[in-house]
Amino acid sequence: MLLEDVTGLSNDTLLGLVVGAMDARARAHSYRNFRVGTMAWGLSPSGEMKFFKGANTKHSCESPKDCGEMKDMRAAHRAGVILTGFLVLAEPQPDHGSGLLFKTLHPCEACRKMMRGLKGAVVHEDARVITINARTCECQVLYMRELMRLHGERW
Ligand SMILES: [Zn+2]
């Protein structure tokens, strides 16, 4: 199945999202070189498609982390945008909450919690999450509710 069909996004848009996430990932700040690049998108109050770019920041083991998805959600909130999708580009690691390891990196436990808190307000109920393995290019497309269910959480 083509990614275009699964996501409802055009090939050009998808390409732009991947390039944007690659660019964001290059700007990530991680004390252990764990780099995550994200893009999020949705409609503005005037019906315009808006895109947000984010990358993770964690300067030391003790310092708080700030994920790309969190930055995207804050920016969307400021712009009055309801996000209909996220794209996450990274190398996978086991999830700190569920302990599960997938072929792609899912939004972390703290991000999922923030997404649930903003459900309907900043994150659309039927939002999609596209995750891409930055090393193997393997890809997963999930609805938000599927993502939560995989980690044993409610949407
Ligand atoms: Zn996160």
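Start in the loop between β1 (29–30) and β2 (37–43), where N33 has its place. The model is a predicted one. In it, N33 has a positive phi of about 60°, although N33 is not a glycine. Is N33 buried or exposed? Count the other C-beta atoms within 10 Å of its own: there are 7. A residue with 12 or fewer counts as exposed, so N33 is exposed.

Now follow the chain into β2. This strand is mostly covered, with six of its seven residues buried. Which strands does β2 pair with? One is β3, joined to β2 by seven bridges in an antiparallel run. Another is β5, which also runs antiparallel to β2 and is joined to it by seven bridges. Two residue pairs show where to look. L43 has M49 in β3 as its bridge partner. T38 stands opposite V88 in β5.

How many strands does the open sheet have, and in what order? There are five, in the order β3-β2-β5-β6-β7, and the pairing is mixed. β3 (49–55) and β7 stand at the edges. Each of these has a single partner strand, so one side of each is left without a neighbour in the sheet. Neighbouring strands of the sheet are turned against each other by 15° on average, with direction ignored.

A helix lies against this sheet. Helix α2 (residues 11–26) packs on it and touches β2, β3, β5 (82–90) and β6. The direction of α2 makes about 135° with that of β2.

Look next at the β7 end. β6 and β7 pair in the antiparallel sense, over five bridges. The loop between β6 (123–133) and β7 (139–143) holds C137. Phi of C137 is near 70°, a positive value in a residue other than glycine. C137 has 10 C-beta neighbours inside 10 Å, so C137 counts as exposed.

In soluble globular proteins, nonpolar side chains tend to be buried together. Here the largest nonpolar core has 35 residues. Which of them touch the most other members? They are L83, L87 and V88. Several elements give two or more residues to this core: α2, β2, β3, α3 (68–79), β5, α4 (109–117), β6 and α5 (144–150). The largest share, six residues, comes from β5.

Leave out residues up to four places away in sequence, and V88 touches V36, T38, E69, L105, P107, V129 and T131. T38 in this list is the residue that stands opposite V88.

Finish at helix α4, the place of K113. Is K113 buried, exposed or partly exposed? It has 13 other C-beta atoms within 10 Å. A buried residue needs 20 or more, and an exposed one has 12 or fewer. K113 is therefore partly exposed. K113 and V129 are 16 residues apart along the chain, and their C-alpha atoms are separated by 15 Å.

Definitions and conventions: Residues numbered from 1 in each chain as written. Predicted model: local features only at pLDDT ≥ 70, side-chain atom pairs only at ≥ 80, totals over all residues. Helix = DSSP H or I, 4+ residues; strand = E, 2+ residues; numbered from the N terminus. Pairing = 2+ DSSP bridges. Axes fitted to C-alpha atoms, helices over the stretch in contact; angles between N-to-C directions. Contact = placed C-beta atoms within 7 Å. Core = buried A, V, L, I, M, F, W, Y, C linked by C-beta atoms within 7 Å.
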